[in-house]
Amino acid sequence: MTKKKYNISVEATLEVIGGKWKCVILCHLTRGKKRTSDLKRLMPGITQKMLTQQLRELEEDGIVNRIVYNQVPPKVEYELSEYGWSLKSILDALCDWGEKHIIKEYGDKYAVLEDNILNQSDADLQSLK
């Protein structure tokens, strides 16, 4: 087996979490375990096939754990692995930059961001308690 060569280390990062959906999946998993149906509901633009493929790849890379419960009907949940949690600061930085970019381009972030828990500030979340 030939060892892979990278020109710069960010290539290795993007190989694991790159693409349209993986970071979105990971951000949702920072809020706790999710079933496939939960993730599909949170990401209505993703197809079932793509969601399954992305989850399998993240599992193969050791970023997420797939938990299968021995019950009828079958129940499967996904959570960040310990290794996956090491991406939290990267995901937070990507969200922060994205918010700044949206404000720069559109002025009001709420004009273009969906209303979901990932888009609420810590202050908003505290007020809900």
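This is a short chat about the predicted model shown above.

User: How many helices and strands are there in the protein?
Analyst: The predicted model has seven helices and three strands, and along the sequence these follow the pattern α-α-β-α-α-β-β-α-α-α.

User: And what share of the residues is buried?
Analyst: Of the 129 residues in the protein, 26% are buried, while the exposed surface comes to about 9,300 Å², with 53% of that supplied by carbon and sulfur atoms.

User: Which residues touch the most other members in the largest nonpolar core?
Analyst: That core has 20 residues, and those touching the most other members are Ile25, Leu26, Leu29, Leu39, Met43, Leu51 and Val64. The elements that contribute two or more residues to this core are α2 (22–29), α4 (48–60) and β3 (75–80), and α2 gives the most, with five residues.

User: What is Met43 in contact with, leaving aside neighbours within four places in sequence?
Analyst: With those neighbours set aside, Met43 is in contact with Trp21, Val24, Ile25, His28 and Leu51.

User: Switching to helix packing, at what angle do α1 and α2 pack?
Analyst: Helix α1, which covers residues 10–17, packs against α2 at an angle of about 75°, and their axes are 8 Å apart. Roughly perpendicular is therefore the description for α1 relative to α2, since angles of 65 to 115 degrees count that way.

User: Which residues in α1 and α2 meet there?
Analyst: Glu15, Val16 and Ile17 in α1 meet Lys22, Cys23 and Leu26 in α2, and the residues of this contact divide into four nonpolar, two charged and no polar.

Definitions and conventions: Residues are numbered from 1 along each chain as its sequence is written. This is a predicted model: local features need pLDDT of at least 70, side-chain atom pairs count only at pLDDT 80 or more; totals for chains, interfaces and linings use all residues. Side-chain values use heavy atoms; hydrogens and water are left out. A nonpolar core is a set of buried Ala, Val, Leu, Ile, Met, Phe, Trp, Tyr and Cys residues joined through side-chain atoms within 4.5 Å. Buried means under 20% relative accessible area, exposed over 50%, partly exposed in between (1.4 Å probe, protein chains only). Helices (H or I, at least four residues) and strands (E, at least two) are DSSP runs, numbered from the N terminus. Contact means heavy atoms within 4.5 Å. Axes are lines fitted to C-alpha atoms, for helices over the stretch in contact, and angles run from 0 to 180 degrees between N-to-C directions. Angles under 35 degrees count as roughly parallel, over 145 as roughly antiparallel, 65 to 115 as roughly perpendicular and the rest as oblique. Ala, Val, Leu, Ile, Met, Phe, Trp, Tyr, Cys and Pro count as nonpolar, Asp, Glu, Lys and Arg as charged, and the others, Gly among them, as polar. Accessible areas come from the Shrake-Rupley method with a 1.4 Å probe; for residues, only the protein chains shown count as cover.
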